[in-house]
Amino acid sequence: MKIIGTGRAHPAFTLTNSMLEDILDTSNEWIMERTGITQRQIITDEKLEDLAAEAARQALDDAGLTAKDIDLLICSNVVNEYATPSLGCVVEGLIGAECPTYDINAACSGFVYALSMAEAYLRSGMFRRILILCAEEPTRMVSWQDRSTCVLFGDAAGAVVVTAGDEMKAIRITATPKRDVLRYERMLQPTPYITKSESDVPLVMNGREVFKTAVTSSIADVKGVLSDSGVDKDEVKYYILHQANVRIIEAIREHFKQPAEKFPRNVDKYGNTSSASIPVMLDEMSRKGCFKRGDKLVLSAFGAGFTTAACLIEWAK
Ligand code: ACO
């Protein structure tokens with residue numbers, strides 16, 4: 001596969017660390033030092049589906065295509081206001097696409113998981129042009145009284161259009177059952193036969209465990225895709241990691257002994273936007289002219305599950 005178009009959309013409202021100081025027992029210094037985040041953009045009156053549609057339209061426009069040209073829409077999402085229909089179906093209606101669509105939930109690894117599916121479909125010849133859309137509102141899962149989680153997240157949508165090509169050089173996806181490290185329990189409707197007590201529990205996270213697992217797994221995945229593709233770590237132009245925390249990115253960068261400019265960051269201004277973080281970064285960098293055709297990029301993500309995913313691609317635009 002190859003990426004032929006990118007797009008992104010962010011909510012209008014910017015929530016700074018100093019604004020959080022007004023509602024929580026926290027400080028700009030603590031958040032900056034532990035996470036590298038200075039602000040995040042969060043949903044207020046917007047709907048996630050509208051951000052998703054905007055990111056999708058931009059990616060199609062960038063690829064020189066219309067919604068009708070797309071054969072498949074894969075949507076990566078953890079929560080949105082509908083459990084059903086899928087967010088993919090909702091967005092399809094908004095952009096005027098006429099193709100099969102479904103949602104996947106691989107948490108923050110969703111974008112690279114979706115790339116692996118697209119690669120398989122394109123190789124088989126089943127589809128020719130696939131829209132991958134990652135739309136996330138993690139700020140709706142956290143308790144806004146819990147300073148250890150709510151400061152970390154932001155909302156966003158990122159999208160890419162992919163078509164057949166030889167630019168996917170290696171890809172790995174993994175999952176390990178680790179429910180206690182990071183989970184969000186959705187409240188289901190009661191029935192006359194349910195006897196257990198149920199309550200709406202916001203996101204629960206063991207931050208230190210997430211940190212360690214993220215660093216270890218991402219290092220293993222990146223080594224894996226370098227070895228599978230036969231590319232030396234110094235030949236990679238950029239390592240585009242899931243944007244969860246600057247310290248996680250730094251730990252991985254130090255392991256590979258690479259200069260800081262090869263590990264771009266935008267978590268400082270957007271927070272952790274779950275599976276949207278990598279396509280948002282690709283779009284931002286592409287529009288700034290950071291990539292040229294043939295550049296080798298490593299993408300690496302990790303998320304609840306615990307899921308991990310990495311790939312090595314060549315830029316094709
Ligand atoms: N402001 C001030 N103090 C805080 C805050 C806050 N926002 N949050 C926690 N603290 C306090 C804690 O209460 C604790 O106080 P205590 O010592 O009196 O008990 C103290 O700070 C230290 O807390 P720790 O949890 O040990 O702090 P740590 O250095 O581990 O940093 C953090 C916490 C930032 C969450 C870190 O563990 C981390 O980044 N983990 C990765 C989590 C992550 O990225 N999650 C994203 C979702 S998952 C994903 O994308 C894969």
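## Around the ligand

Which residues are closest to the ligand? In this predicted model, they are T26, R34, R208, N245 and N272, part of a set of 24 residues that surround the ligand. The space the ligand takes up is the largest pocket.

The largest share belongs to α7, with 4 residues.

Let's look at the atoms next. T26 puts a polar side-chain atom 2.6 Å from a nitrogen atom of the ligand. N272 turns to oxygen instead: one of its polar side-chain atoms lies 2.7 Å from an oxygen atom of the ligand. On its own the ligand would expose 1,000 Å², and the protein buries 75% of that.

## Strand β13 and its partners

Now for the strands. One of the bridge pairs is G303 with T307 of β13. The two strands make a hairpin with 3 residues between them, and G305 in that turn has a positive phi of about 145°.

β13 also pairs with β8 (residues 168–175), again in the antiparallel sense, over 7 bridges. Here A170 has L312 of β13 as its bridge partner.

Why is β13 described as largely enclosed by the rest of the structure? Because 7 of the 8 residues in this strand (residues 307–314) are buried.

Methods:
Residues are numbered from 1 along each chain as its sequence is written. This is a predicted model: local features need pLDDT of at least 70, side-chain atom pairs count only at pLDDT 80 or more; totals for chains, interfaces and linings use all residues. Side-chain values use heavy atoms; hydrogens and water are left out. Buried means under 20% relative accessible area, exposed over 50%, partly exposed in between (1.4 Å probe, protein chains only). Two strands pair if DSSP finds at least two bridges between them. A residue is near a molecule or strand if one of its heavy atoms lies within 4 Å of it. A polar contact is a pair of N or O atoms within 3.5 Å; within protein, one must be able to donate a hydrogen and the other to accept it, and residues adjacent in sequence count only if both atoms are side-chain atoms. Accessible areas come from the Shrake-Rupley method with a 1.4 Å probe; for residues, only the protein chains shown count as cover. On a 1 Å grid over the protein atoms alone, a cavity is a set of points where a 1.4 Å probe fits but cannot get out, and a pocket is an open set with protein on both sides within 12 Å along at least five of seven lines; lining residues have an atom within 4 Å of a point. A molecule sits in a cavity or pocket if more than half of its atoms lie within 2 Å of its grid points.
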